[in-house]
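These are my notebook entries from an afternoon with one structure. I wrote down what I looked up, one topic at a time.

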Amino acid sequence: MIHLKKLCTVIFSLMLLLYCKKEKTLQNRIKAKQYITVLGIAQDAGYPHIGCQKQCCINFYNGNFKKQKVVSLGLVDKENSQKWLFEATPDISTQLADLEQNHLKTTNLIDGIFLTHAHIGHYAGLMYFGREALGKQGTRVYTMPKMKEFLSKNGPWNQLVELKNIVFENLQKNTSVVLNNKLKVTPFLVPHRDEFSETVGYKIEGENKTALFIPDINKWSKWQKNIVEEVKKVDVAFLDATFFKDGEINRPMSEIPHPFIEETVSLFKNETLKTKNKVVFIHFNHTNPALQKTAPEKTKIEKLGFKFAFEGMNFGL
């Protein structure tokens with residue numbers, strides 16, 4: 001029994017080592033002057049999750065898996081010395097440091113932040129631009145109309161506006177924002193639980209390639225567009241994968257609708273490997289086995305051609 005336990009430990013360590021080498025290889029492969037980098041992959045509350053004493057989070061406390069930051073993308077343009085952030089998460093301090101230390105060091109902390117909606121993991125990081133923390137003026141925040149109104153009329157966010165810690169760049173659905181001669185970003189509405197603001201996804205276009213970013217949506221069937229056809233139009237699609245399957249958590253999942261990974265995989269089951277390869281799952285709840293590096297459920301989906309985001313994953317544009 002002791003020998004078997006040791007053998008299992010050795011096998012697990014080897015699997016983890018191989019996975020880390022795979023991540024490092026993909027992380028260092030980027031050569032493009034304009035590219036997207038993944039800065040976080042977890043659902044709003046991050047990993048480990050507050051109050052969780054289940055095995056999924058015990059794996060962190062036992063030292064088996066590292067902390068996973070809340071979902072965020074960085075957009076880097078080394079040619080023009082510019083960088084942008086998608087989402088202002090509670091992990092924004094280290095995510096901005098990641099951009100600075102590992103991608104592009106500039107005198108400007110960030111050239112702008114694109115927000116998708118008013119759920120805590122996607123905008124709460126703005127608090128760190130206030131007088132209690134950075135206290136610097138002029139950080140550009142790209143917002144849709146309802147999101148702008150919410151931040152402008154509710155504390156503590158309105159203090160950021162009054163003190164000009166943040167300044168708004170207005171977005172309109174389906175209208176592109178030209179960032180420079182190589183990059184543009186287009187917001188589009190998606191159905192979600194819009195208690196305080198609308199919810200958008202983004203199309204990020206470079207000189208050669210295009211990406212979708214949809215970290216939150218209710219169900220693909222609720223959207224007026226066909227997700228399969230939208231994925232075919234781009235080169236990579238970072239898609240909402242909050243839960244792996246129905247019944248994953250001990251509460252009515254209809255209260256927090258998201259497309260299950262199993263549902264998304266089913267929608268693409270008859271598509272080519274080329275199309276499946278474009279799908280990169282992101283925004284994992286702490287209960288989602290896809291967040292665990294060696295989960296067999298994850299391996300099974302990967303064998304079908306789908307991908308899973310990880311911190312440090314890069315995609316050239």
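This is a predicted model: local features need pLDDT of at least 70, side-chain atom pairs count only at pLDDT 80 or more; totals for chains, interfaces and linings use all residues.

I followed S5 and S6 into their sheet, which is open, has seven strands in the order S6-S5-S4-S3-S2-S1-S14, and shows mixed pairing. S6 and S14 stand at the edges with a single partner strand each, so one side of each is left without a neighbour in the sheet. Five bridges join S5 to S6, and these two strands run parallel; within the pair, Val141 stands opposite Phe168 in S6.

Next I looked at strand S1 (residues 34–40), where seven of its seven residues are buried. Six bridges join S1 to strand S2 (residues 72–77) in an antiparallel arrangement, and three bridges join S1 to strand S14 (residues 314–316), again antiparallel. Ile36 has a bridge partner in each of these strands: Leu75 in S2 and Phe315 in S14.

**Entry: the other sheet I traced**

An open sheet of seven strands has the order S7-S8-S9-S10-S11-S12-S13, with mixed pairing. Its edge strands are S7 (177–178) and S13 (307–308), each of which pairs on one side only.

**Entry: nonpolar cores**

Which residues have the most contacts inside the largest nonpolar core? They are Leu75, Ile214 and Phe281, in a core of 62 residues. Apart from it lies another core, of 24 residues, and among them I found Tyr35, Ile110, Ile113 and Phe168. As background I wrote that in soluble globular proteins nonpolar side chains tend to be buried together.

I listed the contacts of Phe281, leaving aside its neighbours within four places in sequence, and they include Leu239, Ala241, Ile261, Val265 and Phe306. I did likewise for Leu96, which is found in helix H3 (residues 92–102) and touches Leu85, Leu109, Ile110 and Phe129, not counting residues up to four places away in sequence.

**Entry: charged residues**

I noted that the structure holds 13 salt bridges, and I looked up some of them. Lys105 forms one with Glu100, the closest N and O atoms being 3.3 Å apart; Lys105 is exposed at 67% relative accessible area, whereas Glu100 is buried at 18%.

The side chains of Glu169 and Arg140 also meet in a salt bridge, at 3.6 Å from N to O. This pair links distant parts of the chain, with Glu169 in strand S6 and Arg140 in strand S5, 29 residues apart.

A further salt bridge joins Glu207 and Lys182, at 3.8 Å from N to O. Glu207 lies in the loop between S9 and strand S10 (210–214), and Lys182 in the loop between S7 and strand S8 (184–189). Glu207 is exposed, with a relative accessible area of 52%, while Lys182 counts as buried at 14%. Glu79, Lys182 and Glu207 are linked in a network of salt bridges.

Lastly I checked Lys276, in helix H9 (residues 273–276). Lys276 is buried yet has no salt bridge, and the nearest side chain of opposite charge, Glu271, is 8.6 Å away. Not counting residues up to four places away in sequence, Lys276 touches Phe268, Lys269, Glu271, Leu304, Gly305 and Phe306.

Note on methods: Residues are numbered from 1 along each chain as its sequence is written. Side-chain values use heavy atoms; hydrogens and water are left out. A nonpolar core is a set of buried Ala, Val, Leu, Ile, Met, Phe, Trp, Tyr and Cys residues joined through side-chain atoms within 4.5 Å. Buried means under 20% relative accessible area, exposed over 50%, partly exposed in between (1.4 Å probe, protein chains only). Contact means heavy atoms within 4.5 Å. Two strands pair if DSSP finds at least two bridges between them. Helices (H or I, at least four residues) and strands (E, at least two) are DSSP runs, numbered from the N terminus. Lys and Arg count as positive and Asp and Glu as negative; His and the chain ends are not counted. A salt bridge is a side-chain nitrogen of Lys or Arg within 4 Å of a carboxyl oxygen of Asp or Glu.
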